[in-house]
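Here is a short report on one helix pair and the sheet beside it. Please look at the model first.

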Amino acid sequence: MNSENFESSINSRPEKNSDTFENADFPPWYKKIISPDRDIESLEEKDLDLIIDSAFEIVSREYPDYQQRPDQIMMSRNILKNLMNQSVYIVEAGTGIGKSFAYLIAVIAYSYLSGERVVVSTETKNLQRQILKKDLPSLENFLAPKLSYEMALGSSNYFCRLRHDEVFHEGKFRDLISESDLERYRKWTEEIIGGKNHGHMFDMEKPFPDDFWRLVGRDPDGCPGNKCLYFSSCNYYRAKSDWNSSRIIIANHHLFLYNLFNDKRTLPLYSGVVFDEAHGLISGGQSILTHKFSTDTIRDLNKRFESKLRKSLPQEAYEEWAANWSNLEMVWHVFFSSWEVQLAMNFEENNRKIISEKQNIDVRECLLSLEKICTDISDYVKEEEDSGILNVLNAILKALKKAMLFCQYYQTMNTEKLVYWGEKIDSRFYLFVCNLNLGDELSPLLTEGQVWTSATLGYWPFDKRPANKDALLKGGYFRDFINEALGETMQAEAKVDYYGSSFDYARQAVLYIPDHLAAPAWGSSGGAQELYERNLMDEVVELIRLSNGGALVLFTSNYQLNQAGKIIREKLDLEVFSQLELGADIALKKFRATPDSVLLGTNSYWQGIDVTGRQLRALIITKMMFTPPGDPILQARSKILEKKNQNPFMKISLPKSCMMLRQAFGRLIRSENDTGFVAILDSRIHQKAYGKIVLVNLPSLPMVKKINELREIILKNNLI
Ligand code: SF4
């Protein structure tokens, strides 16, 4: 980015779209460089660099263990410039460069320079907590003692006093919570009422059972807001007011997207956003753009509210309501049953069938019936004064409007932009619709300065990777990611950057990909599959024996994980913790606390977990993770690519699988002192032509194919 561009952009900064803050609390570090009354439009690029450099100087002075990393400082400088420019900046930061400090220092500086709010959105609530409890407090101490920041969670994570009263009044909690948890809950609610905690799920060391929490957490459809008896002391609204006075909001992708697709009414206004673990925003976006309804949706809605309406509405109004509702239930049922009959004949193995073209199934009756009830409810709402009844009516109206939108999708049947499918899940039939073009939906709504960062955003689609960064970036290293997340039109606008890992993989680790195992295959069964699994388990046991524990084994199938658990326990005298048996958090805690143990995990362990030191010295990835071919979104996107004569496997499946593999790979080496080995037990990497592409997308380190060679290198380099 050159200075000329930067200055021309800063002079044309758009109108503020965030709340502004009085900058009376300028931190001393910042004041030394920028006079508080200096017009930001007079700032030059070198002023911004100076702010970032000075912040890092303070950090390195105050933290004895901190190591200056030029890439980290450069990344931070560029983030600040791009936020100031209100531009889109996509940056891959390899493991170990310290991307959290890089973006947080830039975010703090930006907020003081602009006087505006920034949202940091990350993938999981645990990562939010890490930023809130660890990263920001350490920077706050030395850089900005009066910095205001808060964590924002989706509203159903907050305790609702009104629902609590209702649940305990009606005794609905019985059977959902044990006596000991109930006692814990009582103490916790006393603390909330006494103002001693924030009243959200993450205040608790051990969460309450989900079914119970669903009854006492906030119900966004049922909350009457400022008409509620407890509004002034409501935890959720108190949290929202704290967000309003914070310079930095730490959100998660799900909440951020919910806010974006709901008229930006949940989070306060902001003028910059940093997406950490940005690769995760795509799957989050897809799930938010998926609408799912079942044959029983309308009947369930009635069950939920019927008794309240019967008690609240005048007899005549209730009877009219009941007649209309019964008609709606009937037409809804007919519509869904027609689809079920139509699709069931062609259900695939997974009880699912994509709807590829319009059928002669009429949704108009459903729409008319929904419209009639919505109009009636809107009329009742106008006349109703009782806040309790209004609350119920508004909740029903909201749910019915969502159902109307869903029916409209089925009326238009736009199979170019949307994917439709039917599926039977636990004996219920569902219809789905999902928007395929996340980028087209997302980019018009993202009008603020944006930074997208993660250790795995880029993908090199050829078998030789350029050694130099410019060639990599010019060769379209981020093309697939940008197309999917932001749409093709953003290719030219987004600025891209890349910083490799600061770890010396060649010294710290060795990669083992055996060539003697059979390749896993989709849908294979019988003898070949049994043999594959037996060989795989033998290999896993052998590798754990070699490392004597300290091993994380990653699976793509729950069945295989459970099998491996049994076999390892039988054959090796080591503690084994399984994510499926103990839950992700507890299994990880036990693994960290037990030397030489084994941790078995599926999807959620492939990314985000952080175990440093000798405790994790062997990472065993049983198989590359590919999206199942029956996935409707994958199928629909594949068809679009085939029409353009492009190969869906190379354009969608392989890049995603490589990204997941890189994420998994990143679990082994978490610090400069970590050493160990990574085993990928998927011989397709040797057998298939695409294997070379898989390898160029992994960090470069010595690779062996035989376990004896692995043993030798480990001994020679003292890796475990
Ligand atoms: S305002 Fe809403 S969330 Fe808060 S206590 Fe009342 S109903 Fe519950």
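Helix α15 passes helix α16 in a left-handed crossing. Left-handed means that the near helix is turned anticlockwise from the far one by less than a right angle; clockwise would be right-handed. Helices (H or I, at least four residues) and strands (E, at least two) are DSSP runs, numbered from the N terminus.

The model is predicted: local features need pLDDT of at least 70, side-chain atom pairs count only at pLDDT 80 or more, and totals for chains, interfaces and linings use all residues. Residues are numbered from 1 along each chain as its sequence is written.

The axes of α15 (residues 364–383) and α16 (residues 387–412) come within 9 Å and cross at roughly 155°. Axes are lines fitted to C-alpha atoms, for helices over the stretch in contact, and angles run from 0 to 180 degrees between N-to-C directions. The two helices are therefore roughly antiparallel, a label for angles over 145 degrees.

Next comes the sheet. It is open, has 4 strands in the order β6-β9-β8-β7, and pairs antiparallel. Pairing requires at least two DSSP bridges between two strands. The twist averages 20° from one strand to the next. The edge strands each pair on one side only:

| Edge strand | Residues |
|---|---|
| β6 | 290–294 |
| β7 | 352–355 |

Strand β7 is joined to β8 (residues 418–425) by 4 bridges. K353 has G422 of β8 as its bridge partner.

Key:
Angles under 35 degrees count as roughly parallel, over 145 as roughly antiparallel, 65 to 115 as roughly perpendicular and the rest as oblique.
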